Amino acid sequence: MEVVQLPLEFVKQLCLKIQSERPESRCDKDLDTLSGYALCLPNLARLQTYRFAEHRPILCVEIKPKCGFIPLCGGVTHELKHRVCRYCMHQHLKVATGKWKQISKYCPLDLYSGNKQRMHFALKSLLQEAQNNLKIFKNGELIYGCADARSPAADWTELAHHLKPFFFPSNGLAGGPHCTRAVIRELVRVITRVLLSGSDKGRAGALRRGPAPRGPRVCEASPFGRSLRRQGKNSPECSGLPKGCLLYKTLQVQMLDLLDIEGLYPLYRRVERYLEEFPEERKTLQIDGPYDEAFYQKLLDLSTEDDGTVAFALTKVQQYRVAMTAKDCSIMIALSPCLQDTSSEQRPVVPSSRSRFAFSVSVLDLDLKPYESIPYQYKLDGKIVNFYSKTVLAKDAAVTPARYKEREDCTLVLRKV
């Protein structure tokens, strides 16, 4: 990443060109067209670990995994939030408001579980209903993602056509549904292996498992969790993420959200009242940066006992901003087939059934979430939970027979006939 100088006329033309491509929520954003400087970022759709021949094919998968835990903190007033994750609840509101056409079966808790069966289910669910949480690029060109108007079957057939040379270079599979399923299965397995790998040349087995996140391990709204309950199982096999893998590290940052937005919002209001009285302190409190070493040292304070000070409130606010950034980041996985005679000693490699892939993993969208967005997040959270309670839960209660409700104790009485 480096700072580069750009002609002002070029920046103006670029600003006009991208305006029509902005999502509705970002139409009010503007480029700084007067500075003449910009950050030149690396192309994360390419391998980042070493120099690579440009003629070699590159596959890149972008995943926005979202929040991987359910809050357990006492500040949550909606008991529902202790059982159903934010992503699954938000799905219903997004479909009702027309943002997406159907509910995704993807649940972040399945991806973050470390359990390969659950991770495979989560990734297949993302492939079935990508929304804006999954994109696939081939040699830098988008080949899959956000195609809401087409059927998953048609999309998968086209995707398999693109991916077949990567996973079955000897052309050992014929066409048709069997080929499509086999290629998608290989893709899911390779992505899972990469997500579970650390810096040890891609090998996940040597990594020590970290502790499971606080709170429930399964979201009640996840189709995977519902299938377990139908089988009479309360929780899946406990796996946990390897400590060295990117998902584990991302989850640890997400869990800096110690109080949930409900517990955080009163602290935000405390900081706001202080700034209204002493506006000149905004710079001293580092509300707008610089986000230096001193700023990050304050994030290490994981206490939740409120001493009533502005310092405590500000620390929790800043932790929340960092956690929200990690909840909304994207993971870029770049893959390229290894030549049979190529040594893999100096680079991470992941195996598939018939080949090996050199890979690199990067994270983007790490701009710290704005301090000013906290009131919006608070209102959105209430809207999501209230909508889910009034529609989904009310509907479930209406169709559940009165003689049996889930989690109720039942007694079977046998009488002579």
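Buried means under 20% relative accessible area, exposed over 50%, and partly exposed in between, with a 1.4 Å probe and protein chains only. The model is predicted: local features need pLDDT of at least 70, side-chain atom pairs count only at pLDDT 80 or more, and totals for chains, interfaces and linings use all residues. Residues are numbered from 1 along each chain as its sequence is written, and side-chain values use heavy atoms, with hydrogens and water left out.

**View 1. The whole chain.** The chain has 12 helices and eight strands; helices (H or I, at least four residues) and strands (E, at least two) are DSSP runs, numbered from the N terminus. Of its 417 residues, 45% count as buried. The accessible surface amounts to about 23300 Å², and carbon and sulfur atoms hold 53% of this area; the areas come from the Shrake-Rupley method with a 1.4 Å probe, and for residues only the protein chains shown count as cover. Among contacts (heavy atoms within 4.5 Å) with a separation of 6 or more, 70% are between residues 24 or more positions apart.

**View 2. Cys15 and Cys179.** Cys15 is buried at a relative accessible area of 14%. Cys179 is also buried, with 5% relative accessibility. A disulfide is taken as a pair of cysteine sulfur atoms within 2.5 Å, and by this rule the chain has zero disulfides.

View 3. Six strands form an open sheet in the order 5-4-3-6-8-7, with antiparallel pairing. Strand 5 and strand 7 (349-351) are the edges, each pairing on one side only. From one strand to the next the twist averages 35 degrees. Two strands pair if DSSP finds at least two bridges between them. Within the sheet, strand 6 (residues 330-337) and strand 8 pair antiparallel over eight bridges. Ile331 has Val363 of strand 8 as its bridge partner.

**View 4. The hairpin of strand 4 and strand 5.** Strand 4 (residues 134-138) and strand 5 (residues 141-144) run antiparallel and are joined by three bridges. Phe137 stands opposite Leu142 of strand 5. Two residues lie between the strands of this hairpin, where Asn139 has a positive phi near 55 degrees.

**View 5. Helix 4 and the residues around Lys116.** Helix 4 (residues 116-128) lies across strand 3, strand 4 and strand 5, at about 80 degrees to strand 4. Axes are lines fitted to C-alpha atoms, for helices over the stretch in contact, and angles run from 0 to 180 degrees between N-to-C directions. Lys116 belongs to helix 4. With neighbours within four places in sequence left aside, Lys116 is in contact with Thr192 and Leu196. The C-alpha atoms of Lys116 and Arg189 are 8.6 Å apart, although 73 residues separate the two in sequence.

View 6. The peptide bond from Gly289 to Pro290 is cis, with omega near 0 degrees. Pro290 is in the loop between helix 9 (260-277) and helix 10 (293-298). Lys66, in the loop between strand 3 (59-63) and helix 2 (86-96), has a positive phi near 70 degrees despite being a residue other than glycine. Asp365, also not a glycine, has a positive phi near 65 degrees. The loop that holds Asp365 runs between strand 8 (356-364) and helix 12 (374-399). Asp365 counts as partly exposed because its relative accessibility is 42%.
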